[in-house]
Amino acid sequence: MEKSSSITTFEQHLEKRYGQVGEEKRMAFEAKAKAFAIGELIKEERRLSNMTQEQLATKTGTKKSFISRIENGKSDIQLSTLYRILELGLGKKSHSR
């Protein structure tokens with residue numbers, strides 16, 4: 001069996017699959033990865049707070065479907081909305097400099 005070219009680093013894998021940093025396909029992948037990470041953070045903090053998506057939505061003035069989309073990495077989220085969810089909804093305070 002012929003050995004295929006081996007990928008030695010994660011960065012090389014990303015470049016092969018999504019292109020160089022700054023290319024459109026790579027930027028789209030990185031945006032999706034960040035949306036997923038933010039969604040996982042919110043989901044975990046919500047669970048640690050023993051809240052349902054509905055309860056979090058009510059506390060933050062959003063809808064359950066919006067919280068669900070964020071938690072599943074399916075929705076872009078503005079920074080102001082992220083702060084509202086974390087601070088108002090989950091009681092996490094940001095630290096000023």
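Contact is taken here to mean heavy atoms within 4.5 Å. The structure described is a predicted model.

The chain contains five helices and zero strands, and from the N terminus on its elements run α-α-α-α-α. Of the 97 residues in the chain, 28% are buried. Among the contacts with a separation of 6 or more, 44% are between residues 24 or more positions apart. The chain exposes about 7500 Å², of which carbon and sulfur atoms supply 53%.

The buried residues of α2 are Arg26, Ala35, Gly39, Ile42, Lys43, Glu45 and Arg46. The elements that cover these buried residues include α1 (10–18), α3, α4 and α5. Just after α2, Asn50 adopts a positive phi of about 55 degrees.

In helix α4, the buried residues are Phe66, Ile67, Ile70 and Glu71. When α4 is viewed down its axis, these buried residues fall within an arc of 135 degrees, so they line one face of the helix. The buried residues of α4 pack against α2 (24–48), α3 (53–60) and α5. Gly73 follows α4 and has a positive phi, near 70 degrees.

A search of the whole structure identifies five salt bridges. One of these is formed by the side chains of Glu11 and Arg26, with an N to O distance of 3.0 Å. Glu11 belongs to helix α1 and Arg26 to helix α2, so this pair ties together parts that are 15 residues apart in sequence. Glu11 is partly exposed, at 34% relative accessibility, whereas Arg26 is buried, at 2% relative accessibility. Because buried denotes a relative accessible area under 20%, Arg26 falls in that class at 2%.

Glu40 counts as partly exposed at 32% relative accessibility, while Lys43 counts as buried at 15%.

Arg46 and Glu71 also form a salt bridge, in which the closest N and O atoms are 2.5 Å apart. Arg46 lies in helix α2 and Glu71 in helix α4, so the pair ties together parts that are 25 residues apart in sequence. Arg46 is buried, with a relative accessible area of 9%, and Glu71 is likewise buried, with a relative accessible area of 2%. Elsewhere, salt bridges that share partners join Glu11, Arg26 and Glu30 into one network.

Glu71 is found in helix α4, which covers residues 64–71. The side chain of Glu71 makes a polar contact of 2.5 Å with the side chain of Arg46. When residues up to four places away in sequence are not counted, Glu71 touches Gly39, Glu40, Ile42, Lys43, Arg46 and Gln53. Among these residues, Gly39, Ile42, Lys43 and Arg46 are buried residues of α2.

Lys92 was considered in turn. Lys92 is placed in the segment after α5 (79–89) and is partly exposed, with a relative accessible area of 38%. Not counting residues up to four places away in sequence, Lys92 touches Glu45, Leu86 and Glu87. Lys92 and Glu45 are 47 residues apart in sequence, and their C-alpha atoms are 9.1 Å apart in space. The side chains of Lys92 and Glu45 are joined by a polar contact of 3.1 Å. Glu45 is one of the buried residues of α2, whereas Lys92 is partly exposed.

Notes
Residues numbered from 1 in each chain as written. Predicted model: local features only at pLDDT ≥ 70, side-chain atom pairs only at ≥ 80, totals over all residues. Heavy atoms only, no water. Helix = DSSP H or I, 4+ residues; strand = E, 2+ residues; numbered from the N terminus. Buried < 20%, exposed > 50% of the residue type's maximum accessible area, 1.4 Å probe, protein only. Polar contact = N/O pair within 3.5 Å; in protein donor to acceptor, adjacent residues only side chain to side chain. Arc of directions from axis to C-beta. Areas by Shrake-Rupley, 256 points an atom, 1.4 Å probe, with all protein chains shown as cover. Salt bridge = Lys/Arg side-chain N within 4 Å of Asp/Glu carboxyl O.
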